[in-house]
Amino acid sequence: DEPAATEEDVAAAQAESEKAAAEEEAARQDRAATTIQSVHRQRAAQADAEHRKSNVAKEEESVPAEAAADNSAEPAADNTAEPAADNSAEPAADNTAEPASQVDDDAARQDRAATTIQSVHRQRTAEADARKRRRDAHTNAEAAEADASPDAEEHTDGTANAANDDSARRDRAATTIQSAQRQRAAATDAENRRQAQAAATTEEDAAAAEPTPAEEAAEEQPGESAAPASAEEKNEETAAAAKPAEAEKSADEQPKQAPAEEQPEPAETKPEKLLLVVRIVKATGVTATGETPDTYCVARLGEQKFQTEVVDDKENPVWNAETTFDVADADSDELVLRLWDEDTFSDDRLASASVKLAFAGLVDGEFVSRKVRMHKEEDADGGRCDVFVELKAVGFTTKKPESTEKEKEASAAASEQAKEEKHEETTAAEKPAEAEQSAEEEPKQAPAEEQPEPAETKPEKLLLVVRIVKATGVTATGETPDTYCVARLGEQKFQTEVVDDKENPVWNAETTFDVADADSDELV
């Protein structure tokens, strides 16, 4: 909400400033009108004063005329009075009418100017109010849109938070990686020293365990001496077996006897904290109800969050977005991925999944590729799809996923069993019947403890895990092909996604087939 509040304050301040400027302009115009009216009144007063002076002068001039009229005859008085009256009245009337009409015209012009100024002021005030109302409406609409979104915070502040945090996290990640590399180098040197010491001890033990000439002669003697020689050999073998264990134990204890100067080295190179680098590569098979979604992905680890950019109208969006999270506990933390469809009013959830770091098979300092199967959430518009990520641990390593380990164990057990069966068949074919009978009797003489082992390790069925990585140099007549690959094993079939317009398509697709007969089945 901070950016919206800041824009509203700026808009209000601008409106107040415009209003104050308009009021000041109106006041200035009022003062100008008042000043002009004062000047007109002053000029009218001066004109009246001059008019009165001229009248007084005329009266003074008329006094000698009246005296002369008394002394003269009536015809003379009439002749004198009429011109005098005519001459006095006409200029007086002209002088009085002309200043009065000029004052009225000036006052009318001033009134019109004042009216125009007030109209302009009202128009500016109305425009400022309209702009303010538009800004308020825009701010309210944004606030309503943010409130209507179920997880609006993921859509509005994710990119800003990522932009602010990524730089600092990359710096911390680089420092921690360098520290981890120094730690591994120190650990490698210590391991090399330990192995060298263990090798030297083993050579000494081997030299001490070599038989003497007397013992060799005793071994060659037949009859009664064979039994004591055999007992001595067993004692020597037991001692030789015990010495490597003692050598390993002493080699393990050697670091404890190291000088105190060498002890702080691991603590110095230990990283300050654990980090997880997450690279969200792409998604495949993304769908939404009735339309192709505008998809973005949100990754969370605890309270930390990262959001990719939006890819419009794509079922297979590609982001290649990277971020770094702080890891509090590598054994319990989970990376949560969620796909969203950007909409005008509120964003829609599509699918989500979580990855437990403890079972993700992460390797310290190396990127590990993972295909995450996304599942539809309740009341969500999307369906099942896949998100491809690359994860790199900094400062820790976790075991591989349980499913992968089980598949490998089953495959290894099946391979061992097949080898044993082939070996038994070969042996039975080459040896005579008595050898076959003795071979059949041998399991009966074995201890009861060893019998259940084959049943425990025997897998329920044979499996083949196929990973189709890429192809190179793929061509088609006259065009670049849109390529996909189909794998078959018996009646089972698997198809990769389609890669458009590529001569060297990359899939990294994986599947598992049931194997009916490892000797005859073919992968097509």
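Let me begin at the surface, where Tyr484, Val486 and Val498 form a nonpolar patch with about 240 Å² of accessible area together. Patches here are made of residues with over 30% relative accessible area and no salt bridge, like charges being joined within 9 Å and nonpolar side chains (Val, Leu, Ile, Met, Phe, Trp, Tyr) within 5 Å. Accessible areas come from the Shrake-Rupley method with a 1.4 Å probe, and for residues only the protein chains shown count as cover.

A word on the source: this is a predicted model, in which local features need pLDDT of at least 70 and side-chain atom pairs count only at pLDDT 80 or more, while totals for chains, interfaces and linings use all residues. Residues are numbered from 1 along each chain as its sequence is written, and side-chain values use heavy atoms, with hydrogens and water left out.

With a relative accessible area of 39%, Val498 is partly exposed, a class lying between buried (under 20%) and exposed (over 50%).

A patch of negative charge gathers Glu291, Asp312, Asp313, Asp343 and Asp381 on the surface. Asp and Glu count as negative, Lys and Arg as positive, and His and the chain ends are not counted; the place of a charge is taken as NZ of Lys, CZ of Arg, CG of Asp or CD of Glu. Asp381 sits in the loop between strand E7 (367-374) and strand E8 (385-394).

The largest nonpolar core has 34 residues, of which Leu335, Leu337, Leu339 and Met374 touch the most other members. Such a core is a set of buried Ala, Val, Leu, Ile, Met, Phe, Trp, Tyr and Cys residues joined through side-chain atoms within 4.5 Å. E8 gives the most to this core, with 5 residues.

Which residue forms a salt bridge with Asp386? The partner is Arg373, the closest N and O atoms being 2.5 Å apart; a salt bridge requires a side-chain nitrogen of Lys or Arg within 4 Å of a carboxyl oxygen of Asp or Glu. Because Asp386 lies in strand E8 and Arg373 in strand E7, the pair ties together parts that are 13 residues apart in sequence. Asp386 is buried at 10% relative accessibility, whereas Arg373 is partly exposed at 34%.

Finally, Arg279, Glu322 and Glu390 are linked in a network of salt bridges, and the whole structure holds 12 salt bridges.

Definitions and conventions
Buried means under 20% relative accessible area, exposed over 50%, partly exposed in between (1.4 Å probe, protein chains only). Helices (H or I, at least four residues) and strands (E, at least two) are DSSP runs, numbered from the N terminus.
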